[in-house]
Amino acid sequence: MRRLSLSNRLALLFAACTAVVSLFAGVLFSRASEAHFIELDQQLLDGKLIGLRRALQDIQSSESEVKLQDELSRQADLSLRITGSDGQRWYDSSIRVPKELPKAPGLTTLSSDGTDYRVLNAPLYPGKPDSPQLTLLLDITHHQHFLQRMQHLIWLTVGLSALATALLGAWAARSGLRPLRRMSAVASGVSANSLNARLPEENMPPELAEMAHNFNAMLGRLDDSFQRLSAFSADIAHELRTPLSNLLTHTQVTLTRPRPLEDYREALHSNLEELQWMAQLVNDMLYLAKADHGLLTPKREPLELAEEADVLLEFFAPLAEDARVTLSRDGMARMEGDRSMLRRALSNLLDNALRFTPVGGEVRVRIVDQPKGLSLTVENSGDGIAEVLLPRLFDRFYRADPARQEGSSEHAGLGLAITQSIIRAHGGQIRCESENGGTRFVIELPKGD
């Protein structure tokens with residue numbers, strides 16, 4: 001079978017993509033319209049349910065039927081059935097009410113004899129097990145007809161627009177790719193022995209001129225060494241998506257109508273918090289980028305680890321007291337290192353331990369002085385971490401808690417990655433050990449000169 005040309009492939013792919021996107025948009029719009037009508041019907045029936053319960057406060061009263069008829073007369077397409085707790089039918093407001101109705105509580109949809117209903121089942125006296133049951137039926141036939149007509153119009157519009165766009169796209173692809181034939185003659189002469197050859201960029205369409213320029217630039221970089229690819233752009237875009245969406249939504253809601261000055265000040269304060277978090281996220285990513293390129297150069301100053309740990313424990317003491325968690329430290333050792341960087345690493349571990357320690361638990365810092373180095377352990381009680389998750393704990397933006405998979409204004413999943421970079425910059429290693437009843441992070445550092 002003959003292979004398809006590039007023009008035909010582009011035309012087919014463009015047609016397929018257009019059809020898929022148009023189909024998705026049509027389905028989404030159709031579902032949204034249907035959900036909108038269901039929400040409106042739910043609100044209407046909930047309001048009528050309150051009125052009917054008020055009218056039937058005393059179902060034995062002679063006035064209850066008058067109030068009931070008055071309430072039902074306000075909604076011509078609303079019917080009511082009252083049944084006893086034993087399932088016996090007590091009352092039907094209309095002879096058109098179907099004999100068999102759904103018995104499940106809540107809102108359902110029913111079709112009977114060419115008529116569509118929205119059915120709401122609820123007890124007359126909430127909280128009483130032997131309460132009579134109210135069944136409200138709202139005739140939504142006109143809604144359904146409208147939705148059907150709208151769906152037919154949507155599918156017709158989607159089909160015609162997809163066909164027209166596909167045809168125009170095919171024509172544009174074939175016309176736009178004609179200059180490639182002229183480029184192929186020059187490109188065929190490029191080989192490993194003639195990397196100085198370049199594609200002509202003059203008299204090229206703007207789109208192909210850019211491609212030729214990029215191709216020429218690629219040829220000029222062939223002798224350069226390849227560097228490790230980084231997922232920095234994708235990660236930062238993923239994390240910034242949520243705060244940016246929050247900023248846009250909050251600002252748009254604030255600007256929908258004039259508001260008091262205090263509301264604008266409140267909105268600015270809220271936006272400031274999101275902006276501060278994004279700035280911190282960018283700073284953390286730049287910090288990790290410097291670490292990846294070996295640009296972190298810790299200062300070397302004498303440190304007493306016990307004193308540094310006590311300072312941080314004192315800082316976290318109010319948080320621990322609020323969470324009813326006990327903090328403790330034992331052991332001491334001296335080393336040479338960067339005070340601010342090591343404090344940041346230890347602070348990340350303590351903050352992480354406090355967040356996952358249950359009420360009444362304990363967070364312990366242990367320092368062990370060894371002949372060839374020292375060991376610092378941060379251990380907390382509580383549920384352990386699954387063994388399969390341990391190798392990923394130090395990955396950027398990774399969160400072991402499944403409830404925190406999207407960007408958060410508090411923790412972006414970079415703390416452990418930063419801690420690992422700091423420890424490695426000091427020539428040490430960090431690992432996590434976990435079992436039922438506790439988790440501990442073990443840091444091994446050299447003492448220095």
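Start by selecting Leu80 and Leu136: in this predicted model, Leu80 stands opposite Leu136, which sits in strand β5. Now widen the selection to both strands. β5 covers residues 133-139, and six bridges join it to β1, with the two strands running antiparallel.

Next, colour β1 by itself, residues 78-83. This strand is mostly covered, with six of its six residues buried. Which residues lie on each side of β1? Show the side chains and you'll find Leu78, Leu80 and Ile82 on one side, with Ser79, Arg81 and Thr83 on the other. In a regular strand, side chains alternate between the two faces of the sheet. Here both faces of β1 are covered.

Stay on β1 and click Arg81. Its bridge partner is Asp92, over in β2. Select residues 89-92 to see the whole of β2, which is joined to β1 by three bridges and runs antiparallel to it. So far, then, β1 has turned up bridges to β5 and to β2.

Now follow the chain from β1 into β2. The two strands form a hairpin, and five residues lie between them.

Time to move to Thr141, in helix α3, which spans residues 141-176. Is Thr141 buried or exposed? Thr141 counts as buried because its relative accessibility is 13%, and the cut-off for buried is under 20%.

Zoom in on Val27, which belongs to helix α1, residues 6-55. Val27 counts as partly exposed because its relative accessible area is 32%, between the 20% and 50% cut-offs.

Finally, zoom out to the whole chain. Switch to cartoon and you have ten helices and twelve strands to look through. Of the 449 residues, 37% are buried. Switch to a surface view and the accessible surface comes to about 28000 Å², with 56% of that belonging to carbon and sulfur atoms. As for contacts with a separation of 6 or more, 62% are between residues 24 or more positions apart.

Technical notes. Residues numbered from 1 in each chain as written. Predicted model: local features only at pLDDT ≥ 70, side-chain atom pairs only at ≥ 80, totals over all residues. Heavy atoms only, no water. Buried < 20%, exposed > 50% of the residue type's maximum accessible area, 1.4 Å probe, protein only. Helix = DSSP H or I, 4+ residues; strand = E, 2+ residues; numbered from the N terminus. Pairing = 2+ DSSP bridges. Contact = heavy atoms within 4.5 Å. Areas by Shrake-Rupley, 256 points an atom, 1.4 Å probe, with all protein chains shown as cover.
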